[in-house]
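Please walk through this two-part reading with the coordinates open, taking the contact between the chains before the details of each chain.

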Amino acid sequence: MKRSIDRRTFMRISAASIGAGALLHFMPLGSTASGLTLRNLLGRRNGESPGPFSIVQLSDTHVGFQGPPDPLGTKAFERAVDAVNALDPQPDLILFTGDLTHDSDDPAEHARRFASFQSIADRLRVKKRMHVPGEHDAALDGGNLFREHFGETHYSFDHRGVHFVALDNVSAGKPIVGAGQIAWLKKDLARFPKTAPIVVFTHRPLFDLKPEWEWFTRDGDQVMNVLAPYDAVTVLYGHIHRPHHATMGTARHHAARSLIFAFPDPATTAEKKPIPFDQSQPFHNLGIREIDGNGARHTISVNDVELTSREISGTEGIQQIIRQGESL
Amino acid sequence: MKNALIVALIAAAATVLAAQTPSPAPRVVEIGAKRFDFTPNVVKLTKDEPVTIRFTSADRAHGLFVKALDIDLDANPGKPSEITVTPHEAGTFAAICDHYCGSGHGNMKMTFVVE
């Protein structure tokens, strides 16, 4: 199916709150003194001019997961790839925020799941893709398989006037970033003025969202203390399999939907159990995030889109996953 | 006079001995972990009474973490750990394994009830 989704359509879909990932748009650094200084600094450093751009966040694909609560397997991930490929214009960059694979006690089987993830992700037209591990990718082997496929589990880079920081809060086995990585973060950020727009992407929330469900990072407060002096911090994460938005100080935290199954709202549900699969809406609660940014105003807007959208899938109900001769 | 002196000495000795007698050792609660369960999975504690939590693992690294009670333990097979805490607040507190141990890890939890 060839289908083009322009940004206006995507925004309308997200406004209707129907569900698939995230697209972030960034505008050029503006004419304020600090903006010009930062623009010149980043231009010298990276050899590129800050300009408007958008990114997509995909999360929790759990390639290899099978069984309850749903029979989707990789179908939501593949549908998300189709949806992102249909975006016009294409995003500059795609961020994967962990649990790319579902773990296995058999290292060879886990390696096959990494390869399967890669083969699906390689269908994306966007070739600049960045990853952080989730606990299902990296907690059993300390991140060895992840590193073989994607390199280091924490790193940073600049893209058109925005500083991106990938943080690993899973591979120690515990929900922790660790003193060494926090020291690295301080050193990494020290190069930038306090006005620099910063996007942190990681797997677990960096605050106590629901510790009883392990929705937290034990030393997340130390990480946020390092980021506190900066004026424009956006934290993108996954892990909780549902959208969540929170502002704390100058930082805004955004959790993305998963591409395998959804968890309920812990404020209204006592037990941490996946939301049951619904054949009439097979991609309900699963989605993509589009992120728009404006470097001049140091603002970033987040647009979540569910995969259930007829405009994305071209059909409805169970037909969304069994069309084209596919079977469950 | 002599009898009064003896009584006074005995009383003083009793006071000194009482001061030197250590308070009773805290109750010890054993908690075992294996993929993906704690045994027992409900433990009752007494408010304001010290208790020692002794944590063991039968198979691999596990954690026992409940922030509100200051319980933060790790165990590996053959390497138990323990902590003594005094809960000062009544209530029901969920404890989790905070050392990832496999795909059932997300629901590995137990409950402390403080009364």
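**From the interface to the backbone**

Where the two chains meet, 13 residues of chain A are in contact with 12 residues of chain B. On the side of chain A that touches chain B, the residues divide into seven charged, four nonpolar and two polar. The model is a predicted one, and local features are described here where pLDDT is at least 70.

Chain B holds an open sheet of four strands, in which the order is E2-E1-E4-E7 and the pairing is mixed. The edges of this sheet are taken by E2 and by strand E7 (81-85) of chain B, and because each of them has a single partner strand, one side of each is left without a neighbour in the sheet. If direction is ignored, neighbouring strands of the sheet are turned by 25° against each other on average. Within the sheet, E1(B) and E2(B) run antiparallel and are joined by three bridges, and B:Ala33 stands opposite B:Phe38, a residue of E2(B).

In the loop between strand E1 (27-34) and strand E2 (37-39) of chain B lies B:Phe36, and the peptide bond that joins B:Arg35 to B:Phe36 is cis, with omega at about -10°. A further cis peptide bond, with omega at about -5°, joins B:Thr39 and B:Pro40. Here B:Pro40 belongs to the loop between E2 and strand E3 (42-45) of chain B.

The loop between strand E9 (197-201) and helix H8 (220-227) of chain A contains A:Glu214, whose phi, near 60°, is positive although the residue is not glycine. Since 25 other C-beta atoms lie within 10 Å of A:Glu214, this residue is buried as well.

Terms used:
Residues are numbered from 1 along each chain as its sequence is written. Chains are lettered from A and ligands numbered from 1 in the order in which they are written. This is a predicted model: local features need pLDDT of at least 70, side-chain atom pairs count only at pLDDT 80 or more; totals for chains, interfaces and linings use all residues. Helices (H or I, at least four residues) and strands (E, at least two) are DSSP runs, numbered from the N terminus. A residue is buried if 20 or more other C-beta atoms lie within 10 Å of its own, exposed if 12 or fewer, and partly exposed in between; C-beta atoms are placed from the backbone. Two strands pair if DSSP finds at least two bridges between them. Axes are lines fitted to C-alpha atoms, for helices over the stretch in contact, and angles run from 0 to 180 degrees between N-to-C directions. Two residues are in contact if their C-beta atoms, placed from the backbone, lie within 7 Å. Ala, Val, Leu, Ile, Met, Phe, Trp, Tyr, Cys and Pro count as nonpolar, Asp, Glu, Lys and Arg as charged, and the others, Gly among them, as polar.
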